[in-house]
Amino acid sequence: MNRPSPPKSLHRRVAVDTPEHVRLDYVLADLGSRAAALALDLAIIVAALLLLGIGLHQAGRLGGVLASAGASILIFAAFLAQWGYFLLFEAFWGGRTPGKRALGVRVLHVGGEPLSLQGSVLRNLIRAVDLQPAITGMAGAVCILANRRAQRLGDLVAGTMVVHDEGGSKLLATDALPPGRAGRPLLSVEQFELLAGWAARRGGLEPQVRRRVAESVLRALGSAADRPARPGSGAEYALARLYEEEAPRHAARGGGAGLQAAAMARERRAEWAAYSDLVKKGRKRGLDSLTEKEVRRFGRLYRGIAADLERARTYGASPGLLGAVRRWAGAGHNLLYRARGRAAVSLGRWATAEFPRAVRRFHRHVLLAALLLFGSMLATFAAVHDDPGLARSLVGPGMLTRAENTVKGDIDARYLESPVGATDMPVFSSSVTTNNVGVTLMAFAGGLLAGAGTLFVLVLNGIMIGGALGAYANEGVLGVILAFVFPHGFLELGAICIGAGAGFGLGSALLMPGRRTRAEALRERGRSFLSLVAGASLMLVAAGAIEGFYSPSGLPAAAKFAFGGATAALMVLYFGLAGRKM
């Protein structure tokens with residue numbers, strides 16, 4: 001359970017109730033921090049692809065096989081960079097990418113739990129919609145600004161939020177000591193909370209980022225931070241001096257209660273130090289890296305700091321001390337409840353039972369996608385057959401030239417202009433696989449636009465396929481292209497319909513959420529349809545291998561039609577019977 005915190009702070013916050021009945025407050029990452037992290041990650045992706053491309057190009061000069069392998073590697077690397085970089089880093093690096101780590105932010109679930117693999121997959125598949133129109137990111141930016149938890153569309157589906165990563169601050173703050181300097185504070189409680197947060201996090205930031213954040217905090221504090229500075233010093237020095245002066249004043253502000261909080265900090269100094277050491281060790285290597293004795297000690301110390309957090313609130317501790325205890329309690333909570341990465345079901349059980357059951361369960365969505373894809377395909381085929389000139393604008397001159405040059409009256413003629421050699425097959429297979437998987441993922445993500453994006457992907461692909469078939473039919477060589485398509489076509493088009501069906505499921509959550517809120521419906525249905533997307537992607541990998549190696553081969557058309565027919569029959573049996581209780 002979580003609730004928005006009162007809107008008095010200079011930054012948006014959320015409060016999360018843990019299973020230990022302790023409230024953890026998180027500072028939400030603003031649009032600027034997230035945009036800067038994204039820009040840094042994109043720069044890393046571009047640089048890595050450029051270096052990889054240069055290296056593979058140099059290796060390709062040594063021979064044809066190396067050139068072919070290098071081209072295949074580069075195709076898959078570009079696909080992985082687009083769809084896998086954020087997904088894998090966030091899933092296995094504690095909700096952070098290199099860019100997020102540099103900016104001091106991370107992704108958590110809205111309940112405060114660490115980001116799971118499933119959550120990472122969902123939020124990053126929807127990134128394609130958040131970056132629209134084109135790559136401007138306006139859809140995601142508007143959603144972040146309008147949403148109370150600063151969630152983009154992907155966060156809504158995955159049930160996640162992006163917060164400032166405050167787990168690395170020093171637990172023993174300056175204001176934990178007895179107040180030695182009296183005086184009236186210059187900063188309000190909210191302003192000092194901002195300053196204390198900067199002081200706690202500055203050690204974990206890169207120098208350039210630290211300077212930029214310091215300048216931003218100094219501007220936010222306004223005239224309260226105006227003071228003579230050391231010649232040549234910058235914003236960091238001014239903030240450090242201000243914190244040293246304000247920390248004891250805010251510690252004394254609570255009177256007796258503030259003194260009680262300072263006394264608690266002195267008493268708990270040794271246990272806090274031991275707890276922070278265990279958290280640091282666990283965050284680097286995981287909780288499994290701790291010994292049995294250390295795990296038991298960590299559990300005891302975590303319960304202790306959770307109690308200290310409530311005591312600090314009761315005593316009216318200063319924002320600096322309260323913030324430090326809260327951040328470290330949150331760090332321990334994330335470590336304790338970190339997902340283990342184990343699948344809910346084994347891969348074998350998922351493939352033999354869960355996936356076909358999901359297809360049967362959501363067959364209406366899949367059938368709707370099939371109707372739109374094949375309906376637009378047949379309509380385009382009929383239109384091109386009636387008006388041959390229409391094919392030139394739909395499929396382009398290259399496809400028309402290929403159809404015109406195909407040998408008439410020979411169904412065993414090759415669909416491609418020249419045979420695909422052994423060195424070309426891996427490149428061709430890699431290209432069609434990544435393209436088709438990308439189309440399916442876009443069809444799924446496009447469902448978040450009330451189904452409009454999914455509809456567009458299906459109709460566009462139906463028009464392209466129907467136009468190509470119509471062009472070949474007009475030349476009297478329809479059997480040639482069908483012989484090429486048959487071996488992989490049932491797997492490929494079936495997978496696209498399954499992925500698009502999952503997209504329509506997302507759209508239904510927006511249009512017909514039922515008794516749930518739209519956010520709740522998106523989270524629930526997003527998890528449900530993830531199995532369909534995973535299964536469709538695996539089907540497309542198999543289809544890509546067939547299309548790259550078998551479909552363009554010199555085998556007779558009869559063998560290819562037989563292979564495709566067997567594939568269709570096996571698909572019917574698999575989706576119709578697999579996973580049923582006998």
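Biologist: At roughly what angle do the axes of helix α16 (residues 347-361) and helix α22 (residues 518-549) cross?

Modeller: The model is predicted, local features need pLDDT of at least 70, side-chain atom pairs count only at pLDDT 80 or more, and totals for chains, interfaces and linings use all residues. Residues are numbered from 1 along each chain as its sequence is written, and side-chain values use heavy atoms, without hydrogens and water. Helices are DSSP runs (H or I, at least four residues), numbered from the N terminus, and axes are lines fitted to C-alpha atoms over the stretch in contact, with angles from 0 to 180 degrees between N-to-C directions. The axes of α16 and α22 come within 9 Å, and their crossing angle is roughly 115°.

Biologist: Where is the cis peptide bond from Q132 to P133 placed?

Modeller: The bond from Q132 to P133 has omega near -5°. P133 belongs to the loop between α6 (127-130) and α7 (138-146).

Biologist: Is A150 buried or exposed?

Modeller: A150, although not a glycine, has a positive phi of about 55°, and lies in the loop between α7 and α8 (153-158). Buried means under 20% relative accessible area, exposed over 50%, and partly exposed in between (1.4 Å probe, protein chains only). With a relative accessible area of 0%, A150 is buried.

Biologist: What is the relative accessible area of A450?

Modeller: A450 also is not a glycine and has a positive phi of about 55°. A450 is in the loop between α19 (425-445) and α20 (452-474). A450 is partly exposed, with a relative accessible area of 40%.

Note on methods: Helices (H or I, at least four residues) and strands (E, at least two) are DSSP runs, numbered from the N terminus.
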